[in-house]
Every structure is written in structure tokens, then in C-alpha cells.
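Subject: Structure handover, with notes on salt bridges

Hi,

Here's the structure I promised to pass on. Have a look, and then read on for what turned up in it.

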Amino acid sequence: YRYEQVQKEHEEKRKTLNTETQEYQRRAQYEDQLARKRYNDQIAQQRQTNEANLRRQEESVAKQEAQRRKTVEYEAELRHKNEMTRLQAELTGKAKIDRENRDLNLEKIRVDAQEKRETVLKSIEKAGSLIGTGFVNLISD
């Protein structure tokens, strides 16, 4: 009887040990599953953070590029305005000088015309004198 009782106790201990081992294995698997899930969640969170950072960087680069383009356009506009202002000032100055020199130019044209007239008159007078002298010499001979 004692032997059966000891054998029964050992059988109970073995069953209890088996059950505890199975429970320990289930708990270990569950903890492993939770650890893997936490790891996967952590990786997903890190990926989302990286994607958000990348998006922010791309937006920043796009803003910088837009600002650079705007600056280049503004510089071109200023260059154009300065060129137009310079050209207008140059043309205005030239027109003013032309107006101031108009009287001088007209006087020069008058003087040149007067000199030409006098030269032509002297040439005609000289030609007339020569022809007259030649005619007088022809008749007197």
C-alpha cells in the first residue's frame, strides 16, 4: 500500500511538473510573442519617424529652392529696372544735349550755307570775269 501511495505521489508530481513545464513554455512563448510585437511596433514607429523627417527635409529643400528662385527672379527684375532707368537717363541726357546743341547746329548749317554761297558766287564771278576777259580779248584781236 505504501508503495502504491508513493508511486501515486510520484505520478502526481510528474503530472504537476509536466503541467508546470507546459505552462512555463506557454508563458515563454507569450512573452516572446509580446517582445516580437514590441520590436515590430518599435521598428514601425522608427520607420514612420524617419519618413516624417524625410518629408520635412524635402519640404524644407523645396521651400529653399522656391526662395532661391524668388530671389533670382527679384534680382533679374531689379537688373531690368536698373537697365531701363539707365537707358532712360541716357536717352533723356542725349535729347537734352541735342536740344541744347540745336541752335549751334542750325548756326553751323547757316554758316556753312553762307560760305558755300559765297564760294559759288566767287566762282561764278571769277568765271564771268575770265569769260568776259576772254571775250574782250577775242573781240579786240
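This is a predicted model: local features need pLDDT of at least 70, side-chain atom pairs count only at pLDDT 80 or more; totals for chains, interfaces and linings use all residues.

Residues are numbered from 1 along each chain as its sequence is written, and side-chain values use heavy atoms, with hydrogens and water left out.

I went looking for salt bridges (a side-chain nitrogen of Lys or Arg within 4 Å of a carboxyl oxygen of Asp or Glu). Searching the whole structure turns up 12 of them.

- Glu 65 and Arg 68: the closest N and O atoms are 2.6 Å apart. Both sit in helix α1 (residues 2-140), 3 residues apart, or about one turn.
- Glu 77 and Lys 81: here the closest N and O atoms are 3.4 Å apart. The two are 4 residues apart in helix α1, which means about one helical turn between them.
- Arg 110 and Glu 107: their side chains meet at 3.2 Å, N to O. They are 3 residues apart in helix α1, again about one helical turn.

On accessibility, buried means under 20% relative accessible area, exposed over 50%, and partly exposed in between (1.4 Å probe, protein chains only). Glu 65 is partly exposed at 31%, and Arg 68 is too at 44%. Glu 77 comes out partly exposed at 42%, as does Lys 81 at 47%.

There's also a salt-bridge network linking Glu 23, Arg 26 and Arg 27.

Cheers
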